[in-house]
Amino acid sequence: MNRRLYDAAISPDRNLVWATVRDMQGAGLCNKVIKSAFVPHVARQLGADWVADNASFAAVTIGCARLQAIVSRLEEDPPLALDAGPHHSCLVVVPEGEQHTLGAVVLADQLRHRGAVPQLILGISASGLAQCVRSRPFDMVMISASQGRPPADLRALVDSSRLQTHGPKVIIGGGILDQNVDLKAATGADFLSGDVHEALDFCA
């Protein structure tokens with residue numbers, strides 16, 4: 001199914017991706033599994049193929065946009081009791097200048113399913129983030145950044161996240177975690193993780 005979804009995401013036939021999703025549902029896959037397992041897997045493969053020059057930038061961009069539409073448009077499954085966690089208020093942000101935002105969209109969806117209350121903001125600057133956290137309290141701010149992002153770029157975002165009276169926990173995730181550097185020291189973040197369960201456990 002992963003390969004079918006990959007091929008559908010980059011197909012010239014824009015309707016093929018939804019036909020594939022319907023086939024996945026018909027095979028017994030719930031929306032949660034499609035959004036939290038298959039979509040991220042295909043997105044990672046698109047990224048790997050781009051790096052290896054096996055897929056064009058246009059194909060990757062179109063594919064990610066279609067995968068993001070799947071996450072946004074598929075109806076929610078009824079929340080499971082075992083997934084019902086504390087109602088943490090979470091701000092999920094993607095720094096300005098990032099080209100792909102699918103990971104943050106999937107993260108916000110996963111947080112929502114686990115009982116948290118996420119707000120997603122794409123392409124935000126440090127000053128914009130400062131204004132946001134001053135207007136509403138958050139339990140945690142989750143910053144999603146790509147592998148090529150210089151860690152120093154995130155220091156201002158982390159500092160801006162703490163401008164409310166009771167500063168939220170600041171967590172960094174995304175492809176940047178693959179960099180061989182001390183990200184906590186470079187950015188001032190409280191925690192590093194690409195796993196939604198770990199993030200919520202840390203906040204708790």
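A residue counts as buried when its relative accessible area is under 20%, as exposed when it is over 50%, and as partly exposed in between (1.4 Å probe, protein chains only). This is a predicted model, in which local features need pLDDT of at least 70 and side-chain atom pairs count only at pLDDT 80 or more, while totals for chains, interfaces and linings use all residues. Residues are numbered from 1 along each chain as its sequence is written, and side-chain values use heavy atoms, with hydrogens and water left out.

**View 1. The whole chain, from its elements to its surface.** Welcome to the protein chain, where buried residues make up 46% of the 204 residues. The protein chain has nine helices and five strands; helices (H or I, at least four residues) and strands (E, at least two) are DSSP runs, numbered from the N terminus. Starting at that end, the order is α-α-α-α-β-α-β-α-β-α-β-α-β-α. The C-alpha trace spans about 50 × 40 × 25 Å along its principal axes. For 204 residues, a compact globule would have a radius of gyration near 17 Å, and the 17 Å of the protein chain agrees with that; the radius is taken over C-alpha atoms, and the globule rule is 2.2 Å times the number of residues to the power 0.38. Of the contacts (heavy atoms within 4.5 Å) with a separation of 6 or more, 74% are between residues 24 or more positions apart. The accessible surface (Shrake-Rupley method, 1.4 Å probe; for residues, only the protein chains shown count as cover) comes to about 10,100 Å², and 53% of it belongs to carbon and sulfur atoms.

View 2. Rolling a probe the size of a water molecule over the atoms shows where empty space is left. On a 1 Å grid over the protein atoms alone, a pocket is an open set of points with protein on both sides within 12 Å along at least five of seven lines, a cavity is a set where a 1.4 Å probe fits but cannot get out, and lining residues have an atom within 4 Å of a point. Points are joined across faces, edges and corners, and a volume is the space filled by probe spheres set on them. The largest pocket has a volume of about 1,300 Å³. Its lining has 39 residues, and Arg44, Gly103, Ser144, Gly174 and Gly175 are the closest to its centre. Helix 3 (31-51) is among the elements that supply at least two lining residues, as are strand 3 (140-144) and strand 4 (169-173). Helix 3 gives the most, with seven residues. By class, 18 lining residues are nonpolar, 17 polar and four charged; Ala, Val, Leu, Ile, Met, Phe, Trp, Tyr, Cys and Pro count as nonpolar, Asp, Glu, Lys and Arg as charged, and the others, Gly among them, as polar.

**View 3. A cavity lined by helix 3 and helix 5.** The count comes to one cavity of 30 Å³ or more. Helix 3 and helix 5 are the elements that give two or more residues to the lining of the largest cavity. Lys32, Ser36, Asp109, Gln110, His113 and Arg114 form that lining, with three residues from helix 5, the most of any element. By class, the lining has no nonpolar, three polar and three charged residues.

View 4. Arg114 lies in the loop between helix 5 and strand 2 (117-124) and counts as buried because its relative accessibility is 10%. Asp53 sits in the loop between helix 3 and helix 4 and counts as exposed, at 67% relative accessibility. Phi of Asp53 is near 65°, a positive value in a residue other than glycine.
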